[in-house]
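Subject: A structure for you to look at

Hi there,

Here is the structure I promised to pass on. Please open it alongside this note and take your time with it.

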Amino acid sequence: MAIKVRIPTPLQKLTNNQAEVESEGKNVKELIDNLESSFPGIKERLCDEAGKARKFINIYVNEEDIRFLQREDTALKDSDEVSIIPAIAGGA
Amino acid sequence: MGLRDDQIERYSRQILLPNIGGKGQEKILNSKVLIVGAGGLGSPCALYLACAGVGTIGIADADKVELNNLQRQIIHSTKEVGKPKVESAQERMVGINSDVKVVPYNMRLKSENILDIIKDYDIVVDGSDNFPTRYLVNDACVLAGKPLSHGGIFRFDGQAITILPKEGPCYRCLFPEPPPPGLVPSCQEAGILGAVAGVIGTIQANEVLKYILGLGDLLVGRLLVFNALNSSFRHVKVPKDPDCSICSDKPTITELIDYEEFCSLRKDKEE
Ligand SMILES: [Zn+2]
């Protein structure tokens, strides 16, 4: 059950500079926990203390924002692609 | 009004395009666009809009041109170092095309001045470099019902979305709140390749021209995500958030907010 996860630039320090990693999980919550065990520190960048996704970082399953699906309970299936997309402010 | 001969010549390559023609060119000449930021995104956007003949271009920026800007802020040149960016940008745009009336705003946009500035424009381009301005511009455009082309860059990543208040989602539907101060590196702390700013700023200019001309599909309800390292463009869906704090039926934000500035480098510079 391999899930491809796209890591945005600001979090790549935690993934040894990899822009894409593979992980697994039957839902987003499990996936985040598995990412955390491979790349310690990533969970607290994605979630607040209550385990809810932060308001300036979105998680997409394929092209869909999990906030409009079942949030952290959104189910994953083999070959789903998960993208982590943070708000970015640069422009100067 | 009709086009002058020199205008027919100047704009011939876009007048030739199907769906533009002389009528489309007149729409462009009659349009008014406000660009927030005369930097990495604002430079290419302003240049293309001036070349295309946008009749009025407002440009807002409080900074002066610095030597380290010239690696990416292609509207400015070496002899302009030390001058206000809006003056430098104005001279360059008018130098390219005297059909364009440029209105410089040598100031930072704040809750007390932004609504008064945007009211005169058809569409706003956000090319700013910090979260407080970005959320302020979004909220002001939602409250005023102004279309907004949003673009952002960070190192090798770029994002763009077009906001048509009421019709589609806003920036807060996408990211409800800015990160707390200090959590996300911003502005000069991060580093940027000039061409990445060029890609996103040019997409913003293209969105503005499509909006003015009523052509194609705008980036409404979908976020364009550019990755410069693998040269990929992807889209993700951006639904309208029924609980959005500014654009939903039951907004919790009813007046503009000046978020705290949190780029430490900028703070040092201003002090
Ligand atoms: Zn909204």
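Below is what was found in it, by topic.

First, some housekeeping. This is a predicted model, in which local features need pLDDT of at least 70 and side-chain atom pairs count only at pLDDT 80 or more, while totals for chains, interfaces and linings use all residues. Residues are numbered from 1 along each chain as its sequence is written, chains are lettered from A and ligands numbered from 1 in the order in which they are written, and side-chain values use heavy atoms, with hydrogens and water left out.

The zinc site

The zinc ion has four protein donors, the SG atoms of Cys170(B), Cys173(B), Cys244(B) and Cys247(B), which lie 2.3 Å from it. (Donors are N, O and S atoms within 2.8 Å of the metal, or 3.2 Å for Na, K and Ca; water is not among the atoms, so sites may look incomplete.) The arrangement is tetrahedral because the four donor atoms subtend angles of 95 to 123 degrees around the zinc ion; four donors count as tetrahedral if all angles lie between 85 and 135 degrees. Along the sequence, the donor residues follow the spacing C-x2-C-x70-C-x2-C. Distant parts of the chain are linked here: Cys173(B) sits in helix 8 of chain B, and Cys247(B), 74 residues apart from it, in the loop between strand 8 and helix 10. (Helices, H or I with at least four residues, and strands, E with at least two, are DSSP runs numbered from the N terminus.) Both Cys173(B) and Cys247(B) are buried, meaning under 20% relative accessible area with a 1.4 Å probe, protein chains only.

Ser245(B) belongs to that loop between strand 8 and helix 10 too. Its relative accessibility is 18%, so Ser245(B) counts as buried.

Where the chains meet

Chain A gives 25 residues to the contact and chain B gives 42, with contact meaning heavy atoms within 4.5 Å. About 2700 Å² is buried between them, 60% of it from carbon and sulfur atoms; buried area is the accessible area (1.4 Å probe) that two parts lose on being put together, summed over both. Phe56(A), Ile88(A) and Ala92(A) supply 24% of the area that chain A buries against chain B, more than any other three residues.

A covered helix

In helix 4 of chain B, nine of the 11 residues are buried, including Cys45(B), Leu47(B) and Leu49(B). Gly53(B) follows helix 4, with a positive phi near 95 degrees.

Happy exploring!

Note on methods: Four donors count as tetrahedral if all angles lie between 85 and 135 degrees; four count as square planar and six as octahedral if opposite donors are over 155 degrees apart and all others between 65 and 115; anything else is irregular. Buried means under 20% relative accessible area, exposed over 50%, partly exposed in between (1.4 Å probe, protein chains only).
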